[in-house]
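Visitor: I would like to go through this model and ask what lies behind the terms used for it.
Guide: Here are the sequence and the structure.

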Amino acid sequence: MRHKLQKFEEFVGTLLPHEVQYLLNIQQFQDADNLEILRRIYRNCQPQAQHEAFDTAVDKRKYSNLKRWIQTRLESIDVDRQLDWLMEQERSILTDAITPEAEEALLAYLEQYQPPYFYFLKCYELARTYRQYLIVRLRHEDHQRVEAFLDRYRQTYEHTVAIQARLYDATREITGQYAHGGFDTRNWEYLLRQLVFDASLDGQTRYLAVIQLTMLCINYREFDKLREIYDYLEQQFLQGQGYSRRLLVNYYGNRLILHTKFGEWQEAARCGYLSIRERNTEYLLYLTNLGAVLLRQGRKAEALALLQGGIPEMRRSNNFHNKAGFVAFYVKCLHDNGQAAHAERYAETFLRSYKDQILSQRWHIFFTVYLQALLRQEKYQKILSLCRSFKLPEREKEYRRRAAYMPAISWYFRVSQYKEGRIGLEKLRSVVDQDMALVQESPHKRELVRELLDELFHHVPQVFSQHKTRPAAAA
């Protein structure tokens, strides 16, 4: 049976904390009930919050009015809704369907335009489309009004186009470094930082710079530099600048990554649960990252249930990078929940279906968890067979140059060689010693190394016991 405020509470469940905090910042309620309800909404919209029931003695119309007020205020600052409006005007112009009322609204909008606008490029391009529409209809007065806008912001437009062209070059190099290694992209850092904090630029350009600066810092494992960026971005959202549901959810997803790099697992999980409240094209990625965080917290059953619920989404996805990442962490979840044989079967099936795609872009994370499941079952011969068939040791030599490198595959392979009598104890010890010298330098890797040492200790204690305390000692 539905209770009195069920629809309202369902609406509250869709809200994000930064949305409600912004509303608290701008509200000017004279009614104490409205303010108390809004404050309770803020507490209830936190991830996994202890639910506080709303007062049913308050007039139900206040809840309805407050819901409309929330929707109206958020829609008024939503840059993606503004983009929808621009694109609708463009479509109606191109199809000769624009109404006189819509034209007057568009003309007034262009004359009252105040920079910087989040989607400035689209706004300017719409004005050019409209100018062409007007001139062929001999509407000279309206044409002059639009021409004045285009003249006023022509240099800004050309400047923005040039910046976005440079951003594309940066994106190509930075993503290339992430995917293949070997690039040196530090030369882009200064420009990207300048763009992020340049308040004269349109929001879209600045946000593109945020994303690329984030990836650059991840490539170099320089996470301290990201705190300032994301603290600044948070303040922008709280002021109603550059807001949309999509961008806010993306902020939560990226903030999760930042918190994980500092071992702030509780806050990372909080951001993760917020990032999956909105289903968009990145939902599978956010789901995977949250599952990984829950595993790091030891919340294994919760992580497994979460990812099992995402399997239909994974099957529908046409983004193989996200699909393979999801499968890797699902296999990891199965392994960590004591289902190594199930993990092996799932990985084997996925490999059979997507061998070429895995080898081209996500082989390292996939084979790491696949071999881990085999090692758990002491299937050393199968590990060696896979390593030989897919030339994993050779691939690993190239991969070692990456900042994020962990020697899991290398150690799984060498341990299996030792257990099968292919190498001696001293050779295994030499390989482990060399790899430890690489990974011990990074504070962000020490906990991962410690876990890997604990895992392999049970297979060859005489080699891995001597390293088990070193990562902590180096901190």
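This is a predicted model: local features need pLDDT of at least 70, side-chain atom pairs count only at pLDDT 80 or more; totals for chains, interfaces and linings use all residues.

Visitor: What makes up the lining of the second largest pocket, by class?
Guide: That lining has 14 nonpolar, seven polar and two charged residues. Its 23 residues include Phe118, Gly203, Gln236, Gln241 and Gly242, which lie nearest the pocket centre. Since Gly is placed with the polar class, Gly203 and Gly242 of the lining count as polar. Helices H5 (79-94), H11 (203-219) and H12 (224-238) each give two or more residues to the lining. The volume of the pocket is about 420 Å³.

Visitor: How do you know that the span of helix H9 agrees with its 27 residues?
Guide: The expected span is 1.5 Å times one less than the number of residues. For H9 (residues 154-180) this gives 39 Å, and the end C-alpha atoms are 39 Å apart, so the two agree. After H9 comes Gly181, with a positive phi near 75°.

Visitor: Why are residues of H9 such as Tyr157 and Leu167 called buried?
Guide: Buried means under 20% relative accessible area. Tyr157, Thr160, Ile163, Leu167, Ala170, Ile174, Gly176 and Gln177 are buried in H9, so each falls under that cut-off. Their cover includes helix H7 (120-135), helix H10 (189-196) and H11.

Visitor: What share of the chain counts as buried?
Guide: Of 475 residues, 49% do.

Definitions and conventions. Residues are numbered from 1 along each chain as its sequence is written. Side-chain values use heavy atoms; hydrogens and water are left out. On a 1 Å grid over the protein atoms alone, a cavity is a set of points where a 1.4 Å probe fits but cannot get out, and a pocket is an open set with protein on both sides within 12 Å along at least five of seven lines; lining residues have an atom within 4 Å of a point. Grid points are joined across faces, edges and corners, and a volume is the space filled by probe spheres set on the points. Helices (H or I, at least four residues) and strands (E, at least two) are DSSP runs, numbered from the N terminus. Buried means under 20% relative accessible area, exposed over 50%, partly exposed in between (1.4 Å probe, protein chains only). Contact means heavy atoms within 4.5 Å.
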